[in-house]
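Grab a pencil and have a look at the model below. The exercises that follow come with worked solutions.

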Amino acid sequence: MFEPVARPTPGLAARCGRALLSPWSRLALLVVVLAAAGSAVLVLQPQRLLADGWPPAMGGAWAVVLFAVAYGLCTAAFVPRPILNLAAGALFATPAGFVSSLVGTVLGAGIAFGLGRVLGQDALRPLVRGRWLKAADGQLSRHGFRSMMAIRLFPGVPFAAANYCAAVSRMGWTPFLVATGLGSAPNTLAYVVAGGSASSPTSPAFLIAMGFIVLSGAGAAVVAWRKRGGMRGRGGSGA
């Protein structure tokens, strides 16, 4: 008679590995990373660029590249983009400031999207319940490019919130990054021009830039109100 061979039980290392790679452990890591990033922003205060300017030792093309990288890291850490766009306009000429800001915008969006997709999606997707959450998830999952274009063109949704919501949805990388770059370009340019011409507040460039910022903000409010009314109507008809 042969005695049955007992299957080896998974070791402590294997169990710990599964626990560390579980969706909730990854979500906890995402929370820690974002908290650390927010704390770094409070300590380093990157908004001082508007007052102190760029370090004198950093100039030329490398300054534009470094600013784009710093811009991306700052937006991933919840620094408001208008502050960084104004700083880009004040520090560089409009073409260089616009390019560095737009590259930094796409870079920061990609960092946030990647963090949310790798660390948060598996844990948060089962929690997508309720009419508003399901509607937002469905819109981003089925019509990702045009939805993200609208969000970027009409800056009513906070930049970081849009990034992480898109990461939790089933939206693909390519439509997210392309829509972010194209949709963010007009508003980014307006802020960069405003920052570059802020010393001459009566100049045509400053007035046109500020007029565009005001109109895009008003457009965002109108679009948000119409969307809110449409969702409320659909909810009422389905009751």
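Of the contacts (heavy atoms within 4.5 Å) in the chain with a separation of 6 or more, 76% are between residues 24 or more positions apart. A quick note on the ground rules: this is a predicted model, where local features need pLDDT of at least 70, side-chain atom pairs count only at pLDDT 80 or more, and totals for chains, interfaces and linings use all residues. Residues are numbered from 1 along each chain as its sequence is written, and side-chain values use heavy atoms, with hydrogens and water left out.

**Exercise 1.** Work out how the axes of helix H8 and helix H9 are arranged and which residues make the contact.

*Solution.* 
- Step 1: H8 covers residues 144–153 and H9 residues 159–168; their axes come within 11 Å and cross at roughly 170°.
- Step 2: H8 is therefore roughly antiparallel to H9 (the label for angles over 145 degrees).
- Step 3: H8 brings Met148, Ile151 and Arg152 to the contact, and H9 brings Phe159, Ala162, Asn163 and Ala166.

**Exercise 2.** Find where Ser197 sits, and decide: buried or exposed?

*Solution.* 
- Step 1: Look in the loop between helix H10 (173–196) and helix H11 (204–237) for Ser197.
- Step 2: Ser197 has 11% relative accessibility, so this residue counts as buried (under 20% relative accessible area, with a 1.4 Å probe and protein chains only).
- Step 3: Leaving out residues up to four places away in sequence, Ser197 touches Ser203, Ala205 and Phe206.
- Step 4: The Ser197 side chain also reaches the backbone nitrogen of Phe206, at 3.4 Å.

Definitions and conventions
Axes are lines fitted to C-alpha atoms, for helices over the stretch in contact, and angles run from 0 to 180 degrees between N-to-C directions. Helices (H or I, at least four residues) and strands (E, at least two) are DSSP runs, numbered from the N terminus. Angles under 35 degrees count as roughly parallel, over 145 as roughly antiparallel, 65 to 115 as roughly perpendicular and the rest as oblique. Buried means under 20% relative accessible area, exposed over 50%, partly exposed in between (1.4 Å probe, protein chains only). A polar contact is a pair of N or O atoms within 3.5 Å; within protein, one must be able to donate a hydrogen and the other to accept it, and residues adjacent in sequence count only if both atoms are side-chain atoms.
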